[in-house]
Amino acid sequence: MADDVLKKVLVEPGDKAGLAKRSPTEDFGWDKESAKAETIKLLAKVDALQTRLAAERSRGLLFVIQAMDAAGKDGTIRSMHAGLNPAGVHVHGFKAPAGRETGMDFLWRIHEVCPARGEIGIFNRSHYEDVLVVRVKNFVPRSVWSKRYEHIRNFEKLLAAEGTRIVKVHLQISKEEQRLRLQDRIDDPTEQWKFRLGDLDDRKLWPQFMRAYEDAITETSTAYAPWYIVPGDRKWVRNLVVARLLVATLEDMNPQFPPPDESLKGLQVV
Ligand code: ADP
């Protein structure tokens, strides 16, 4: 994909994520009004591409969105939807495992909700929680989580080989921007529903989370399932980068309508 900005935000397979060297306030020299206008224009292209993906019915597209609290996962997904046909897209949010999930391997609940051929799937959090929060909070020993990078690479390789295009997005926000957004959630009664006291516990573990993100992204950015680290402090920058990524990915997939069905030739509807 020939987009310079997408090249900048891509973590080349084999490279380190380099989170500390990337800036969540990066704006690529864009200005807010034209960035918003470009986002709308770009997303208008998605509908036709998505229709072809559905008609072709041979490949799916999976967008994984993974980030700290208040980094804008929901807002990003909402922005993407300006261009998507809701009938062909499924959004899945992953909370702490419950019920049967707790007795199964960590990929079990993920696999069954991956997009089918012709569909687009968006994950709000994902199997990466099992090498992020699970690692940081010692929910399982190192001997267990450290093997999961390989399991994830193999799992994603399987999905890719069977026809799923995978794009992984880390929305990177600064600790200060998170402070402002969490404070807003506390102060504004219409935002309070988004706030959990546990968010503050996770915030205290910020350096540990950053190390876990650095390792997870470094270990699992592959040619078949690359990571993109999207600057998240400015919502209009984030939305434009993600719109570019969505459109560029669909254009690169270049889905096609199936060839005309010969058996329908000349058929008249009476
Ligand atoms: P949001 O994604 O909007 O923040 P919640 O506030 O309900 O939604 O947060 C979901 C919580 O579930 C997060 O704290 C996340 O770390 C946790 N979670 C998700 N997957 C797992 C997992 N596999 N193991 C443990 N916790 C998880």
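Helices here are DSSP runs of H or I with at least four residues and strands are runs of E with at least two, both numbered from the N terminus. By that count, R125 falls in the loop between β4 (120–124) and α6. This is a predicted model, where local features need pLDDT of at least 70, side-chain atom pairs count only at pLDDT 80 or more, and totals for chains, interfaces and linings use all residues. Residues are numbered from 1 along each chain as its sequence is written, and side-chain values use heavy atoms, with hydrogens and water left out.

**Around the ligand**
- The residues around the ligand (a heavy atom within 4 Å of it) are D69, F94, K95, A96, P97, R109, R125, E129, D130, V133, V134 and R196.
- That shell splits into 5 nonpolar, no polar and 7 charged residues, with Ala, Val, Leu, Ile, Met, Phe, Trp, Tyr, Cys and Pro taken as nonpolar, Asp, Glu, Lys and Arg as charged, and the others, Gly among them, as polar.

**Polar contacts (N or O pairs within 3.5 Å)**
- K95 puts a polar side-chain atom 2.9 Å from a ligand oxygen, while A96 has a backbone N or O atom 3.2 Å from an oxygen of the ligand.
- D130 has a polar side-chain atom 3.2 Å from a ligand nitrogen.
- On its own the ligand exposes 570 Å², and the protein buries 81% of that (Shrake-Rupley areas, 1.4 Å probe).

**The pocket**
- The ligand sits in the largest pocket, meaning that more than half of its atoms lie within 2 Å of the grid points.
- A pocket is an open set of points on a 1 Å grid over the protein atoms alone, where a 1.4 Å probe fits, with protein on both sides within 12 Å along at least five of seven lines; lining residues have an atom within 4 Å of a point.
- The volume of the largest pocket is about 1200 Å³, counted as the space filled by probe spheres set on the points.
- Its lining has 41 residues, and D69, A70, K73, R125 and R185 come closest to the centre.
- By type, the lining holds 14 nonpolar, 5 polar and 22 charged residues.

**Backbone**
- R125 has a positive phi, near 70°, without being a glycine.

Key: Polar contact = N/O pair within 3.5 Å; in protein donor to acceptor, adjacent residues only side chain to side chain.
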